[in-house]
Amino acid sequence: MIKLLHTSSSPHVRDQTDTTRIMIDVIIALMPATLYGIYQFKLNAALIVVVSVLTCVLSEYLFEYFMKKPITIKDCSAIVTGLILALNLPSTVPLWIPVIGALFAIIIVKQLYGGLGQNFMNPALAARCFLLISFTGRMTNFVFDGVTTATPLAILETRSHYDLFRLFIGTTAGTIGETSTLMILIGGAYMLVKRVIKPTIPVAYLLSFSLFTLIFSPFRFDFYYLACQLCGGGLMLGCFFMATDYVTTPINFGGQIVFGVLIGILTGLFRFFGTTTEGVSYAIILGNLVVPLIEKYTLLYKTKKAVVS
């Protein structure tokens, strides 16, 4: 009987698609936002992307080599981590910032907890939060068209309107990969079509954040303001590419809904009542930390309901 059982770490895939194929699809989906970010922020953005990805891959290889563990860089997960980290950085940061962030993501968050499937929070987001806390000035310095400027979310703190078309296309200040809602939606649609992700978490996230915004934001029931909030900052990037991480999110349907609603509310709390204008990264990280509890109680509720029926 024991020979019939095979135990493995997450991500658990219930079809013939392997981890490498999933990661390649995520990389393809990230390309529109990545290429647009490089087009908009020029050479600095390209260098940050290259340095971040190379540092993630190299640090994973060297750690596993010296720890005499199986080399796993072929699964492309380190490339995905490096890409997501780079897209969450301003184009103005010096190149040692993505190096430190990549080392933190791969060594501290991923490898020290056992590698892919064992980390309890998204490595790229954990690295971004670490960099925000450690190097706040550099991580909040945004330049657009050669001029240092505030992000759309900072401007929306004091007024209800911003040019929604610019937010949707991406001709605004922000991190390398968050500015163009259009490019992110193209990548998100690709992952949905390829069934890399399910719509459950993104829909729950967007609906809960929208409802929270309409009720509790400074400009209540202003749908134009809501649209600006949805397209501004890293919400769309986080919604499709970080909140849907296989390892750090619930696997059952009920748990995914609870997780999506939780991070939607947390994002609203951070944006409208906190000292930060963003909040997406912190919301998802906090959501990651309570995923075991969400899984436990949603599965328990499902089991009790099945027994009663």
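Ile215 has its place in helix H9. Ile215 is partly exposed, with a relative accessible area of 33%. The model described here is predicted. Ile215 is also one of the residues of a nonpolar patch on the surface, whose members together have about 930 Å² of accessible area.

**Nonpolar surface patch**

- The patch is formed by Leu211, Ile215, Phe216, Phe221, Phe253, Ile257, Val261, Ile265, Leu269 and Phe273.
- H12 supplies six residues, the largest share of the nonpolar patch.

**Aromatic rings**

- The count of aromatic pairs comes to 13.
- In one of them, the ring centres of Trp96 and Phe135 lie 5.2 Å apart with the planes at 80°, so this pair is edge-to-face; planes over 60 degrees apart count as edge-to-face.
- Trp96 and Phe135 are 39 residues apart, and their pair links distant parts of the chain.
- Trp96 is in helix H3 (residues 96–110), while Phe135 is in the loop between helix H4 (123–134) and helix H5 (136–139).
- Trp96 counts as partly exposed at 38% relative accessibility, and Phe135 is partly exposed with a relative accessible area of 24%.
- The rings of Phe212 and Phe272 form a stacked pair, because their planes are at 10° and their centres 6.4 Å apart.
- Phe212 belongs to helix H9 and Phe272 to helix H12, so this pair ties together parts that are 60 residues apart in sequence.
- Phe212 and Phe272 are both buried.
- Phe212 and Phe272 also belong to a cluster linked by ring pairs, together with Phe209, Phe216, Phe219, Tyr225 and Phe273.
- Phe216 and Phe273 are in this ring cluster and are also members of the nonpolar surface patch.
- Elsewhere, the charged end of Lys42 sits over the ring of Tyr39, at 4.9 Å from the ring centre.

**Cysteines**

- Zero disulfides are found in a search of the whole structure.
- Cys56 is in no disulfide, and the nearest cysteine sulfur, that of Cys76, is 13 Å away.
- Seen from Cys76, the closest cysteine sulfur is in Cys56, and 13 Å is too far for a bond, because a disulfide needs the two sulfur atoms within 2.5 Å.
- Cys56 is buried, with a relative accessible area of 0%.
- Cys76 also counts as buried, at 14% relative accessibility.

**Salt bridges**

- Side chains of opposite charge can pair when their charged atoms come close.
- The count of salt bridges comes to three.
- One of the salt bridges joins the side chains of Arg21 and Asp25, at 3.0 Å from N to O.
- Arg21 and Asp25 are four residues apart in helix H1 (residues 19–66), so about one helical turn separates them.
- Arg21 counts as partly exposed at 36% relative accessibility, whereas Asp25 is buried with a relative accessible area of 4%.
- The side chains of Glu60 and Lys110 meet in another salt bridge, at 2.7 Å from N to O.
- Glu60 and Lys110 are both buried.
- Arg271 forms a salt bridge with Glu278, and the closest N and O atoms are 2.9 Å apart.
- Arg271 is buried with a relative accessible area of 5%, and Glu278 is buried with a relative accessible area of 10%.

**Residues with positive phi**

- Lys68 is not a glycine, yet it has a positive phi of about 55°.
- Lys68 is placed in the loop between H1 and helix H2 (77–87), and counts as exposed at 77% relative accessibility.
- Arg195, also not a glycine, has a positive phi of about 60°.
- Arg195 is found in the loop between helix H8 (181–193) and H9, and counts as exposed at 75% relative accessibility.

Definitions and conventions
Residues are numbered from 1 along each chain as its sequence is written. This is a predicted model: local features need pLDDT of at least 70, side-chain atom pairs count only at pLDDT 80 or more; totals for chains, interfaces and linings use all residues. Side-chain values use heavy atoms; hydrogens and water are left out. Patches are made of residues with over 30% relative accessible area and no salt bridge: like charges are joined within 9 Å, nonpolar side chains (Val, Leu, Ile, Met, Phe, Trp, Tyr) within 5 Å. Accessible areas come from the Shrake-Rupley method with a 1.4 Å probe; for residues, only the protein chains shown count as cover. A salt bridge is a side-chain nitrogen of Lys or Arg within 4 Å of a carboxyl oxygen of Asp or Glu. Helices (H or I, at least four residues) and strands (E, at least two) are DSSP runs, numbered from the N terminus. Buried means under 20% relative accessible area, exposed over 50%, partly exposed in between (1.4 Å probe, protein chains only). Rings of Phe, Tyr and Trp (its six-membered ring) pair if their centres lie within 6.5 Å; planes under 30 degrees apart count as stacked, over 60 as edge-to-face and the rest as tilted. A charge sits over a ring if NZ of Lys or CZ of Arg is within 6 Å of the ring centre and within 35 degrees of the ring normal.
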